[in-house]
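Me: Could you walk me through this structure, one question at a time?
Reply: Gladly, here it is.

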Amino acid sequence: MGDVLTVAWKEWRELLQVGGSVRGGRFSLVILLAVFGVFLPLQAGAEWVESPATVFYWGWVPLMLVGSAVADSFAGERERHTLETLLASRLADRAILLGKIGAAISYGWGLVLLMLALSLVTVNVTARTGPLLLFPWAFAIGAPLLALLGAGLAATAGVLVSLRAPTVRQAAQTLNVGVLLLVFVPVLGMQVLPDAWQAQAGAWAMSVGVQGLVWLAAAFLAALDLSCLAAAFARFRRARLVLD
Amino acid sequence: MSAPVIIRTEGLTRAFGSVRAVDGLDLEVPAGTVFGFLGPNGAGKTTTIRLLLGLLEPTGGRATVLGCDTRAEAGRIREQSGALLEHHGLYERLSAEQNLEFYARVWRMSRAARAERIRALLQPLGLWERRGEPVGRWSRGMKQKLAVARALLHKPSLLFLDEPTASLDPVAAATLRDELSTLVQREGVTVFLTTHNLAEAERLCGRVAVIKQGRLLAVGHPDELKARSATRAEISGRGFTDATLALLRGRPGVVRADLQNGRIVLELAEPAETAPLVAAIVQHGGLVEEVRKDKGSLEDVFLTLMEEES
């Protein structure tokens, strides 16, 4: 566990130092927090906490946040010629892999939790007319859960892609395409279904309820997370990485 | 009593398709030495280091490093070794101190030990005052020095250095060589150094091996290898002609005689005596101002070995 934390420590340091400056790294974090924690809740007003269906949105946000960071994990080390030195250290395969995945998940999930907290403050300051505005409990549990699993998916899939990609740019492009497919295929797929099927699906969703849908989405994401993690472990071979 | 062997390879082979990057390498590296592994580009030096660190699996033969088999106990080898590989491997967005801090944590050093060791390594290298700067802003020489410090951080028993001065200008290379030599002596570590800089090898190494196309051509103390080469003599003066050269070439003990920049350069077989040759030149009308005689350098030996192998 100590080795996993050590690798994650290094990943975090690099994430926070964009272009060799801590200030630059922190500035990009502030921008993200301002958009998702202030600007969007300001526009939505009280609906930000009253519409439980937006819970699914928080499963998608970390895909975007983590994707850009995790593309760098192995492809970046390869591109900057630091990978072989890391592989020549005493660190075990598992520690390197889990450290990078852990850092990416904590980055994406941590940001989402901050965004949720900040957005709650924003809507309470700007849109509260009566009692304190709070997320419904299904949302309060579902959003962090889906965000965690979404971050996990982005991190494991991202590491898997980054292990194979020769450059960071290529890894980022592949991940962006993956995220777009994951978001738009279900949306577009629903639209091409016959009206009767769409109505049936809607009725089914209503009968399951938001809470049930959250659990289903969580189970689906967890299965994807584990599959990608297993694939990343299978792909991680020192000899192959050295020769890549 | 001879020093224990720290690296032993027996018929070590690594092929990539039909190309054998390392071909039946038999090698013994005694503890406490700086072992030079010399060869031209593409000779298999880097592949050998990767095999010894267990980063690549051999396709034939075997190797033990620090008593561990490279196939079965690569983790234990890496635990006790330090490495400065082909690239310095520093995180350029991080500061020098953060780079060392990370690897000190990798080697599970305590907080107090980390702080003490980082200072002890950076101060003599003249990097302590700039430890907070991102490494990306540093010169190549400073980065190489930092990478050496990183490799020595956990006081390894064995240090692999893959052409540490290859990308440096002559001044930076000389500085790094001096500091490397001092550090290695102070730390008492065994060093496996690959290089194609023969002066560097001659200066630093107690034992050298020469390889080409993955095959071992020679191994021994630099002086032993130099002893294999012919004695060279350079005669400066005036009035040297093709006839003078023809005369010298006919003399016993003269292996080769050439005119280079107005000087006669001779390659002599043992016992190499120059006095009769000088007398012959003078009798033939030449004027001799200076005679310099020495054994060939390691570079001469290396070039001869390369020619023979070709």
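**Confidence, helices and a sheet**

Me: What does chain A average in pLDDT?
Reply: This is a predicted model, where local features need pLDDT of at least 70 and side-chain atom pairs count only at pLDDT 80 or more, while totals for chains, interfaces and linings use all residues. Residues are numbered from 1 along each chain as its sequence is written, with chains lettered from A and ligands numbered from 1 in the order in which they are written. In chain A, 95% of the residues score at least 70, and the average is 86.

Me: How do α4(A) and α9(A) run relative to each other, roughly parallel or roughly antiparallel?
Reply: Helix α4 (residues 57-70) and helix α9 (residues 168-192) of chain A have axes 10 Å apart, at an angle of about 175°. Axes are lines fitted to C-alpha atoms, for helices over the stretch in contact, and angles run from 0 to 180 degrees between N-to-C directions. Since angles over 145 degrees count as roughly antiparallel, α4(A) and α9(A) are therefore roughly antiparallel.

Me: Which strands of the sheet in chain B stand at the edges?
Reply: Four strands form an open sheet in the order β12-β13-β11-β14 (chain B), with antiparallel pairing; two strands pair if DSSP finds at least two bridges between them. Each edge strand has a single partner, so one side of it is left without a neighbour in the sheet. These are β12 (254-260) and β14 (287-295) of chain B.

Me: Which element gives the largest share of the side of chain B that touches chain A?
Reply: Here 26 residues of chain B are in contact with 22 residues of chain A, contact meaning C-beta atoms, placed from the backbone, within 7 Å. The elements giving two or more residues to this side of chain B are α2 (74-80) and α3 (96-106) of chain B. The largest share, five residues, comes from α3(B).

Terms used: Contact = placed C-beta atoms within 7 Å. Parallel < 35°, antiparallel > 145°, perpendicular 65-115°, else oblique. pLDDT = per-residue confidence, 0-100.
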